[in-house]
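Have a look at the model first.

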Amino acid sequence: MIRSSEAAAMKRRRLNVDSPTQGLVDADYIVLNVVKSKKNQGILKAGVKKEANIAPIVVDKSLKLLVKKNLIKQVTNIQSKGRNPYYIAVEFEPSDELTGGAWYSEGNLDKEFITVLRDTCLKVIQMLKVATAEGIHDFLKKRKVVECTSQQIAEILKSMVLDNTVIEVKSIGLGEYHSIPVGSVCYRTASGVALEADPKTIAPMASIPCGACSRINQCTPNGVISPQTCVYYTKWLNFEF
């Protein structure tokens, strides 16, 4: 019978044979450590050669071996397509600076995903009349309409504000805003304002005092500071056409 100690030794030998690092020499470890030290930022081959301080031809050989053993991987920098790739350890995900973040797929801007997300956000806002970025994200997540992050929703909404597809406002806690905390940033369709209001009312609507109020975060429906007791808000409601 094989002793337990001998069995353990045999198991360790089998693990060593199967290990990705099996067969690496000192130069390979030096190159691997240089790449790992850059974490998710990666490093160019020229940078490895400079920091490893070993013969360039040895670095070339080590990089090829490490990629083959799946210890490091090559990543294309979206800002320098067609140029030399970056090397990054397999345990790290490339930084957004390298890949372009969630808006890029395989190094290319995912225009289809952006269009779908913009259209979806607009439909949700039209349905809810007014919504926050978090509210839209929760709506989509519960219904599994499109897979995205709350950060992506926020970025899409900012771009939609810039091209006047939606407008950014702050909740006053009344009417359509009753379910949104006072002072929270929310969004409504720009076309909705234009359709519902006479052209002469657009300027007064855009100048609602709540948006510029320094105490908006202290304003509550039944508080000391509230829309009911606000002189400026009352004047704004009573503007003449």
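The largest nonpolar core has 19 residues, and Leu 117, Cys 121, Ile 136, Leu 140, Cys 148, Ile 153 and Leu 157 touch the most other members. By nonpolar core we mean buried Ala, Val, Leu, Ile, Met, Phe, Trp, Tyr and Cys residues joined through side-chain atoms within 4.5 Å; buried is under 20% relative accessible area, exposed is over 50%, and partly exposed is in between (1.4 Å probe, protein chains only).

The largest share, five residues, comes from α6. Apart from this core lies another, of 14 residues, with Leu 32, Leu 66, Leu 71 and Ile 72 among them.

This is a predicted model, where local features need pLDDT of at least 70 and side-chain atom pairs count only at pLDDT 80 or more, while totals for chains, interfaces and linings use all residues. Numbering runs from 1 along each chain as its sequence is written, and side-chain values use heavy atoms, with hydrogens and water left out.

Now for Glu 51, which sits in helix α3 (residues 45-52). Glu 51 counts as partly exposed because its relative accessibility is 43%. Leaving aside neighbours within four places in sequence, Glu 51 is in contact (heavy atoms within 4.5 Å) with Val 34, Lys 38 and Ile 43. Its side chain also makes a polar contact with that of Lys 38, at 2.8 Å; that term covers a pair of N or O atoms within 3.5 Å, where within protein one must be able to donate a hydrogen and the other to accept it, and residues adjacent in sequence count only if both atoms are side-chain atoms.

Technical notes: Helices (H or I, at least four residues) and strands (E, at least two) are DSSP runs, numbered from the N terminus.
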